[in-house]
Amino acid sequence: MPIDRLHPIICSRLLLMADDELVLGHRDSEWTGHAPILEEDIAFSNIAQDELGHAIAWYSLVEELSGKDPDRLVYTRGGADFRNTPLVELPKQDWAFSMTRQYLFDYAESARLELLTQSAYRPLADLAAKVTKEEEYHCRHTSAWMKRLSLGTEESHRRMQSALDACWPYVPDLFSPVPGEELLVQERIFPAPPAVERNWEQRVAPFLRAECGLRIPESADPPAWTREKHSPHLEELLGELQFVARLDPKAKW
Amino acid sequence: MTDTQWPRYEVFLQTEEGKPLQHAGSVHAPDSELAVLNARDVFVRRPKCLLLWVVPADRMIHRTSEELAQAWPANPLSGESERRLYHVFRKESHRGTLVFAASIESLSAWDALKVAMSRHEGLAWAVFPQEAVRQNDPHDRPSFFEPALDKNYRLHGQYKTIQLMRQVEAGKKVSSTGAEPAKPGTSPRQT
């Protein structure tokens with residue numbers, strides 16, 4: 001199929017990734033000034049900046065393909081039109097939760113990006129190659145913390161197990177197939193979700209069990225929220241994120 | 001007195017090929033692996049870093065020349081029987097930071113320092129053994145250092161604040177970059 005006919009599908013698939021990074025970046029930034037250790041405040045703020053940078057990268061590619069302005073996508077869309085995975089919109093809660101969520105998401109993104117560097121669509125492959133370097137560093141950082149907190153004190157272990165239990169129901173959605181994606185998989189533009197999940201599981205499961213001593217939760221009922229139907233948390237987040245821009249929609253920034 | 005801080009690690013960076021390692025500051029970390037990661041996040045902000053070392057603060061001897069003139073250990077070799085490699089750093093000027101001076105194989109840190117001081121002038125000195133050093137894995141260079149190269153938003157030169165203020169004060173129309181307002185139809189976007 002000629003590539004330009006695939007553009008709209010590529011765009012909507014990219015929008016999922018962009019929204020994921022934007023919402024997660026925002027949640028991460030909520031720790032700035034509040035992290036448990038000064039060095040970690042800086043490190044986690046770096047990670048937040050990186051995620052926002054990734055969001056900009058994906059939104060910019062969407063703009064190239066469709067003409068949609070990233071600022072409008074970020075600052076004027078309502079919650080119902082966002083397409084992020086529910087895991088990233090959950091409130092930051094305690095440090096164990098944020099670190100666990102970051103760990104699970106970073107490894108999923110890493111798994112996806114690794115396969116995306118082989119995309120038949122060159123601009124996507126190039127961008128993936130660049131972004132993957134930063135995600136790799138995130139993985140290093142979050143896995144170092146996962147290990148130390150899980151093997152730390154009785155309290156830190158308990159909190160880590162609770163965090164894993166809380167995140168786990170949201171994990172399947174990270175690898176759920178997306179409408180229209182099958183065509184992109186066929187054209188080798190996007191990797192098949194099962195391949196991404198396999199890649200992820202091979203790295204994450206042994207690490208959580210053997211190196212962190214955590215129990216991987218039994219599969220539970222999927223949560224009520226999806227990429228299309230969001231929790232009240234997203235509206236709250238967007239209320240904060242879009243507040244200033246919405247004060248004066250015509251302002252020049 | 002209980003110190004609730006994590007152990008401190010001194011951080012050294014090499015910012016360009018051919019330039020010597022220099023002291024950047026210190027970080028707290030529970031262990032050397034996290035010290036390297038923290039050091040990267042705290043100190044590798046401006047683009048360009050090739051090499052990163054962290055050394056536990058308690059393994060480093062750090063003295064000014066005046067302190068050394070007044071007190072030198074009476075028996076610096078006591079207890080040492082092995083020759084080790086020591087790295088000596090020195091501060092040449094008050095404004096500068098500690099810069100790598102020499103690597104010296106010796107029976108003790110003090111001995112290595114003595115040798116280095118016979119070769120160079122310095123206002124302050126630091127010595128530590130090679131074995132106390134943890135450095136970034138060269139393997140990790142792409143994910144450790146390359147991302148910073150693109151982050152121009154961290155360079156203060158990217159923000160034309162003074163230029164902007166002059167324009168505002170002169171009553172001129174301003175664009176967000178401090179440059180002349182863009183022509184209609186173009187949109188400068190930075191990724």
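This is a predicted model: local features need pLDDT of at least 70, side-chain atom pairs count only at pLDDT 80 or more; totals for chains, interfaces and linings use all residues.

Reader: How many residues does the largest nonpolar core have, and which have the most contacts inside it?

Author: In soluble globular proteins, nonpolar side chains tend to be buried together. Here the largest nonpolar core has 93 residues, and those with the most contacts inside it are A:Leu14, A:Trp58, A:Tyr59, A:Leu104, A:Leu124, A:Trp200 and A:Leu208. The most is given to this core by helix α5 of chain A (residues 95-116), which contributes 12 residues. Another core, of 13 residues, lies apart from it and includes B:Ile104 and B:Trp110.

Reader: With which residues is A:Leu124 in contact, leaving aside its neighbours within four places in sequence?

Author: They are A:Leu14, A:Trp58, A:Leu61, A:Leu116, A:Ser119, A:Ile189 and A:Phe190.

Reader: Is A:Trp253 buried or exposed?

Author: A:Trp253 has a relative accessible area of 67%, and is therefore exposed, the cut-off being over 50%. This residue is found in the segment after α11 (232-247) of chain A. Together with A:Phe243, A:Val244 and A:Leu247, A:Trp253 forms a nonpolar patch on the surface, with about 510 Å² of accessible area.

Reader: How many helices and strands has chain B?

Author: Chain B has 6 helices and 8 strands. From the N terminus on, its elements run β-β-α-β-β-α-β-β-α-β-β-α-α-α. Of the 191 residues in chain B, 37% are buried. The accessible surface of chain B is about 11700 Å², with 50% belonging to carbon and sulfur atoms.

Definitions and conventions: Residues are numbered from 1 along each chain as its sequence is written. Chains are lettered from A and ligands numbered from 1 in the order in which they are written. Side-chain values use heavy atoms; hydrogens and water are left out. A nonpolar core is a set of buried Ala, Val, Leu, Ile, Met, Phe, Trp, Tyr and Cys residues joined through side-chain atoms within 4.5 Å. Buried means under 20% relative accessible area, exposed over 50%, partly exposed in between (1.4 Å probe, protein chains only). Helices (H or I, at least four residues) and strands (E, at least two) are DSSP runs, numbered from the N terminus. Contact means heavy atoms within 4.5 Å. Patches are made of residues with over 30% relative accessible area and no salt bridge: like charges are joined within 9 Å, nonpolar side chains (Val, Leu, Ile, Met, Phe, Trp, Tyr) within 5 Å. Accessible areas come from the Shrake-Rupley method with a 1.4 Å probe; for residues, only the protein chains shown count as cover. A salt bridge is a side-chain nitrogen of Lys or Arg within 4 Å of a carboxyl oxygen of Asp or Glu.
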